[in-house]
Amino acid sequence: MQVRYVYHEDYQFCYSFRGRPGHKPSILMLHGFSAHKDMWLSVVKFLPKNLHLVCVDMPGHEGTTRSSLDDLSIDGQVKRIHQFVECLKLNKKPFHLIGTSMGGHVAGVYAAYYPSDICSLSLVCPAGLQYSTDNQFVQRLKELQNSAAVEKIPLIPSTPEEMSEMLQLCSYVRFKVPQQILQGLVDVRIPHNNFYRKLFLEIVSEKSRYSLHQNMDKIKVPTQIIWGKQDQVLDVSGADMLAKSIANCQVELLENCGHSVVMERPRKTAKLIVDFLASVHSTGNTKKLD
């Protein structure tokens with residue numbers, strides 16, 4: 001993957017890419033909250049070399065502009081990603097859009113707002129759905145919101161202990177991470193925690209929290225949902241809600257897998273994406289036999 005920068009007015013987007021646009025649809029990948037474009041590398045490794053892949057840093061993350069003036073709502077992020085797409089002329093031909101968690105929330109709403117830009121969609125445990133009952137994680141968030149304890153958000157660790165808790169929350173496989181590594185992981189994040197808090201409060205605010213839910217019936221492209229059955233952050237029952245609202249929709253549920261699908265099951269995720277693209281965009285099976 002090569003890293004590049006592109007500008008919309010004075011706003012900088014950082015992205016990595018591999019390959020070049022060709023016959024097959026280009027693929028744009030949107031990462032989750034507090035991650036960055038490199039989170040996709042584990043999946044990219046298992047994707048065919050002839051695909052044109054683009055991974056972008058989401059607004060305020062890593063190499064993309066962080067500005068106090070930026071609209072970090074889901075709508076605001078969707079508009080930013082559209083600016084990025086226009087800068088790269090990625091929509092000259094409809095492309096395949098993939099997003100996970102917050103990135104899945106943005107990807108789903110993007111598909112609803114800019115239907116002609118994309119040919120198909122993969123949502124990996126996306127945020128933005130309204131559940132009839134709250135899971136433990138959401139109950140905990142609501143208690144924190146009520147007590148205004150903004151420094152206690154489980155997805156924004158500031159100690160090695162909290163880091164360990166977050167890893168347990170996000171992953172099904174319980175792995176023991178040495179204290180020094182946990183400390184290192186936290187040290188990298190601490191300088192960004194104020195931004196993460198601001199972003200988190202924005203995406204769970206009334207304006208954004210259920211944006212995908214409110215727009216899912218407008219998604220008209222063939223859609224793939226991938227979800228870990230043991231997701232403790234966003235409940236797997238969301239897959240069914242999406243499947244009921246999106247006409248052309250395939251659901252893939254992964255056994256013994258938590259919220260960090262891309263990290264936990266990179267090879268499987270890559271295979272599901274490739275197979276889905278083949279099933280949706282296959283030209284071979286449309287040719288008439290002479």
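1. Where is the place of Val3? Val3 sits in strand E1 (residues 2–8), strands being DSSP runs (E, at least two residues) and helices likewise (H or I, at least four), numbered from the N terminus.

2. A word on the basis: this is a predicted model, where local features need pLDDT of at least 70, side-chain atom pairs count only at pLDDT 80 or more, and totals for chains, interfaces and linings use all residues. Residues are numbered from 1 along each chain as its sequence is written, and side-chain values use heavy atoms, leaving out hydrogens and water.

3. The open sheet has eight strands in the order E1-E2-E4-E3-E5-E6-E7-E8, with mixed pairing (two strands pair if DSSP finds at least two bridges between them). E1 and strand E8 (249–254) stand at the edges with a single partner strand each, so one side of each lacks a neighbour in the sheet.

4. Strand E2 (residues 11–18) and strand E4 (residues 53–56) run antiparallel, joined by four bridges. Tyr15 stands opposite Val56 in E4.

5. Eight salt bridges turn up in the whole structure (a side-chain nitrogen of Lys or Arg within 4 Å of a carboxyl oxygen of Asp or Glu). Among them, Asp70 pairs with Arg80, the closest N and O atoms being 3.0 Å apart. Asp70 lies in the loop between E4 and H2 and Arg80 in helix H2, so the pair ties together parts 10 residues apart in sequence. Both Asp70 and Arg80 are buried (under 20% relative accessible area; exposed is over 50%, partly exposed in between; 1.4 Å probe, protein chains only).
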